[in-house]
Amino acid sequence: AGLESFDISPDGDTIAWATTTGKVYTSKAGKTPKFIGYGRDPRWHPEKPQLIYAGARMVGNTAVNYDLRISDANGNGKFLTSTQYSDERWPQWHPKGDQIIYTINKSTDVFLAEFKQ
């Protein structure tokens, strides 16, 4: 599948990308890609080896909506949000890494969520 979006880790060693079929992968130092999960729009945390992305909520083989998901480079993670009927997309980390800015698909609204870990 073609490439839809990508990001480079702050240390420049690992990349993350989403395909046009809605799969997120990572690759460290050009090694074999690792499937992280279904979703779109991956972004690396500015200081930690963590990804935020629009994680797909799947029913069978179909993505029914997207919620914010945080994951490490191996795919271990959790959903941060759980909303029905809205697709949370294009998450970005605040430069300090303590907030996430995102939007809802087909809207002009921008949201800010606190991130405490």
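**View 1. Strands β4 and β5 side by side.** β4 pairs with strand β5 (residues 50-59) in the antiparallel sense, over four bridges. Strands here are DSSP runs of E with at least two residues, numbered from the N terminus, and two of them pair if DSSP finds at least two bridges between them. Look for G39, which sits opposite G55 in β5. The two strands make a hairpin with five residues between them. This is a predicted model, in which local features need pLDDT of at least 70 and side-chain atom pairs count only at pLDDT 80 or more, while totals for chains, interfaces and linings use all residues. Residues are numbered from 1 along each chain as its sequence is written, and side-chain values use heavy atoms, with hydrogens and water left out.

**View 2. The other partner of β4.** β3 and β4 also pair in the antiparallel sense, again over four bridges. Here Y25 faces F35 in β4. The hairpin of β3 and β4 has five residues between the strands, and in it A29 takes a positive phi near 50°.

View 3. D41 lies in strand β4 (residues 34-44). Its phi is positive, about 60°, although D41 is not a glycine. Most residues other than glycine have a negative phi. D41 counts as buried because its relative accessibility is 4%; buried means under 20% relative accessible area, exposed over 50% and partly exposed in between (1.4 Å probe, protein chains only). β4 as a whole is mostly covered, with eight of its eleven residues buried.

**View 4. T26 and its surroundings.** T26 belongs to strand β3 (residues 23-28) and is buried, at 4% relative accessible area. Its side chain reaches the backbone oxygen of A73 at 3.1 Å. Neighbours within four places in sequence aside, the residues in contact with T26 (heavy atoms within 4.5 Å) include W17, I36, W44, L51 and A73.

**View 5. A sheet of three strands.** This open sheet runs in the order β8-β9-β10, with antiparallel pairing. β8 (88-93) and β10 are the edge strands, each pairing on one side only. From one strand to the next, the twist averages 30°, with axes fitted as lines to C-alpha atoms and angles between N-to-C directions running from 0 to 180 degrees. β9 and β10 share five bridges, and Q99 has E114 in β10 as its bridge partner.

**View 6. K106, out in the open.** K106 is found in the loop between β9 (99-104) and β10 (110-114). This non-glycine residue has a positive phi near 65°. K106 is exposed, with a relative accessible area of 81%.

How values were computed. A polar contact is a pair of N or O atoms within 3.5 Å; within protein, one must be able to donate a hydrogen and the other to accept it, and residues adjacent in sequence count only if both atoms are side-chain atoms.
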